[in-house]
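Before reading the points that follow, please take a moment to look over the sequence and the 3D view together.

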Amino acid sequence: MSKQKFYAIKRPEGGQIVDSWEVCEPLVRGEKGIKFKSFSTKAEAEAWLNGSEATEPDGIRVYVDGSFTPSCEKAGWAFVVIENGKEIARGSGFTAFPAESRNIDGECMASYQAMRWLDLNDKYATICHDYEGIARWARGEWKAKSHIAMQYVAAVKPYLFRVKFEKVAAHTGVKWNELVDSLAKEAVEKAKKVKEGKSA
């Protein structure tokens, strides 16, 4: 039996809490200016609606994300390292080659670069990702069939002893996830400018 969840919905005109995804989904799907997030207790949902930030778990967490737009052939990537609720490092960039699988290339590169940073700094962490393949390919739960997936699995293998994985929902108001998303988007814009500069 699945655990009870509470869904907090933020609108410009006010907030609302519902107790199932079946009720939440039609209220938020396709609606602009709405943020929503799930919680295990009603108190946590109410705190989020009231503007209280949930306490970041102790230890090191690394938020990773990728970005892609059809107007740029390369994917952007970014990671932000959080220790005990505070940012201690970040990195971003774009893929060296044209993206084969759109934003997935950026997602994989972000996770790989995050693990390299952890290794260089001799740290262990939880990788917080919104694309499921980041963990499933790395743990062998999904068979890596695409070129980018096979490259990712091979590249991260030496670093897996340093990390655990945690999936976070995209675009639900999670502070660090929103930050890393914007950094990945900025990286795509930089890639576009580099290309324009070369072709000028």
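In counting charges, Lys and Arg are taken as positive and Asp and Glu as negative, while His and the chain ends are not counted. On that basis the protein, which is shown here as a predicted model, has 31 positive and 28 negative side chains, and the centres of these two sets lie 3 Å apart.

**Fold and dimensions**
- The protein contains 6 helices and 8 strands, and reading along the sequence gives the pattern β-β-α-β-α-β-β-β-α-β-α-α-β-α.
- The radius of gyration is 18 Å, which agrees with the value near 16 Å that a compact globule of 200 residues would have.
- Taken along the principal axes, the box filled by the C-alpha atoms is roughly 50 × 40 × 35 Å.
- Of the contacts between residues at least 6 apart in sequence, 62% join residues at least 24 apart.

**Surface and burial**
- Carbon and sulfur atoms account for 51% of the accessible surface, which comes to about 11,500 Å².
- Buried residues make up 40% of the 200 residues in the protein.

**Cysteines**
- The structure holds 0 disulfides, and Cys108 is in none, with the nearest cysteine sulfur, that of Cys128, lying 17 Å away.
- Because a disulfide requires two cysteine sulfur atoms within 2.5 Å, the 17 Å from the sulfur of Cys128 to the closest one, in Cys108, is too far for a bond.
- Buried means under 20% relative accessible area, so Cys108 counts as buried at 2% relative accessibility, and Cys128 counts as buried at 0%.

Key
Residues are numbered from 1 along each chain as its sequence is written. This is a predicted model: local features need pLDDT of at least 70, side-chain atom pairs count only at pLDDT 80 or more; totals for chains, interfaces and linings use all residues. Side-chain values use heavy atoms; hydrogens and water are left out. Helices (H or I, at least four residues) and strands (E, at least two) are DSSP runs, numbered from the N terminus. The radius of gyration is taken over C-alpha atoms; the globule rule is 2.2 Å times the number of residues to the power 0.38. Buried means under 20% relative accessible area, exposed over 50%, partly exposed in between (1.4 Å probe, protein chains only). Contact means heavy atoms within 4.5 Å. Accessible areas come from the Shrake-Rupley method with a 1.4 Å probe; for residues, only the protein chains shown count as cover. The place of a charge is taken as NZ of Lys, CZ of Arg, CG of Asp or CD of Glu.
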